[in-house]
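Okay, everyone, thanks for coming.

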Amino acid sequence: MNILAIDTSCDETSVSVVNDDVILSNIIASQISYHKIYGGVVPSLAKRIHEDVIDNVINEALKKAKKNIKDIDLIAVTKGPGLALALETGLNRAKKLSIENNISVIGINHMIGHIYAVFAKNRNGKRIFNKDIEFPILSLLVSGGHTELVILKNYFEFEKIGETRDDAVGEAFDKSARVLGLGYPGGKILSDMAENYTKIIPLTIPMQYSKDFDFSYSGLKSDFQRKFNEYRLNNKVTSEDISNFSKSFELVAIEELLIKTLKAVDEFKPKSIIVGGGVSANRYLRSELRKRIRSKYTENPIPVYFPYTSHLSMDNAAMIGVVGYYLVEKKKITLPIFDYSEREPNLEL
Ligand code: KG4
Ligand code: ZN
């Protein structure tokens, strides 16, 4: 089955062609350079740019996959969660292509996409796990808008067990990066700066003693800002200082994720762990989660799966196409299906 997938949930216009779960193309047109000067995503600007570039991105994705629109069996399009104005562009284009070419269409939840990013295969049929993945799966979803722990009892049986009570972890990374003058979106820049640290500034780990699986990041963000501003008043800030503040923030922000994830492993005894969303590209999170699982479960460590590449961690359409494939396969959906979904900016799992 050839699937054309579209994601315009935020500030990336992404279109992909997948053949079942094999990625043939995954084009991501980033709008970062436009939003940078505003220090964050401006929804009306995001919509305008999606509208301007989407046809070119669709053509590029088809061309790279060596496919024609007539070869496409299904269009998978993100219906939410995301920015209402931005989602609209993808949904409208999917509907137009469907009507003009009589192609099936199905609306997809963007967060399920972040879970399914690890299911994607490259052109050689390789993916991150060799055999079939074992359920139940614990999924840690960490992006600019979400911080969630989800149990998958089966392919499409989700139970959210915890989420952030305020800011998302990626948002806290970006805001702290801005405090340090590192630009937007600063999550990756801050984590790169953190590599050269020489000293740690103590910060409190939020929610470490809470009995649930929830997260909180707004207190950490304020604490960090206050400590940096105090330091700046009395010192000339050097690049070494920026590295030290970056590492101090990263350690604590990631520690909160590790504490709650390990607590959920204890409680729910998953057979596999999947991490998804932009923050899953974080190197410290990747190495530390694996390390702690291995040292805690020495006999039989639970496999931890992160997306293959940073492209599959961030917003991309290939993950949406892979969900489309699994929905049809596992839910035994018969085509044609014409699911002209409305946008759902606050769509839950
Ligand atoms: O999933 P994503 O691309 O978009 C949303 O759906 O939000 O996630 C973007 C978020 C941003 O907040 C970005 O700063 C963060 O992921 N991010 C990182 C890293 N790479 C991206 N945060 C920490 N470390 C990274 N290496
Ligand atoms: Zn996302």
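I'll start with the ground rules, then go from the residue out to the sheet and its helices.

This is a predicted model, where local features need pLDDT of at least 70, side-chain atom pairs count only at pLDDT 80 or more, and totals for chains, interfaces and linings use all residues. Residues are numbered from 1 along each chain as its sequence is written, chains are lettered from A and ligands numbered from 1 in the order in which they are written, and side-chain values use heavy atoms, with hydrogens and water left out.

So, serine 272. You'll find it in strand S9, residues 272-276; strands here are DSSP E runs of at least two residues, helices H or I runs of at least four, numbered from the N terminus. Serine 272 is buried at 1% relative accessible area, buried being under 20% with a 1.4 Å probe, protein chains only. A polar atom of its side chain sits 2.5 Å from the backbone oxygen of glutamate 134. Beyond four places in sequence, its contacts (heavy atoms within 4.5 Å) include Ile133, Pro136, Ile302 and Tyr305.

Now the sheet. It's open, with 5 strands in the order S8-S7-S6-S9-S10 and mixed pairing; pairing takes at least two DSSP bridges. The edges are S8 (157-163) and S10 (304-305), each pairing on one side only. S9 and S10 run parallel over 2 bridges, and isoleucine 273 has valine 304 as its bridge partner in S10.

Last, helix H9, residues 283-296, packs on the sheet and touches S6, S9 and S10, at about 165 degrees to S9. Those angles run from 0 to 180 degrees between N-to-C directions, with axes fitted to C-alpha atoms, for helices over the stretch in contact.

Terms used. Buried < 20%, exposed > 50% of the residue type's maximum accessible area, 1.4 Å probe, protein only. Polar contact = N/O pair within 3.5 Å; in protein donor to acceptor, adjacent residues only side chain to side chain.
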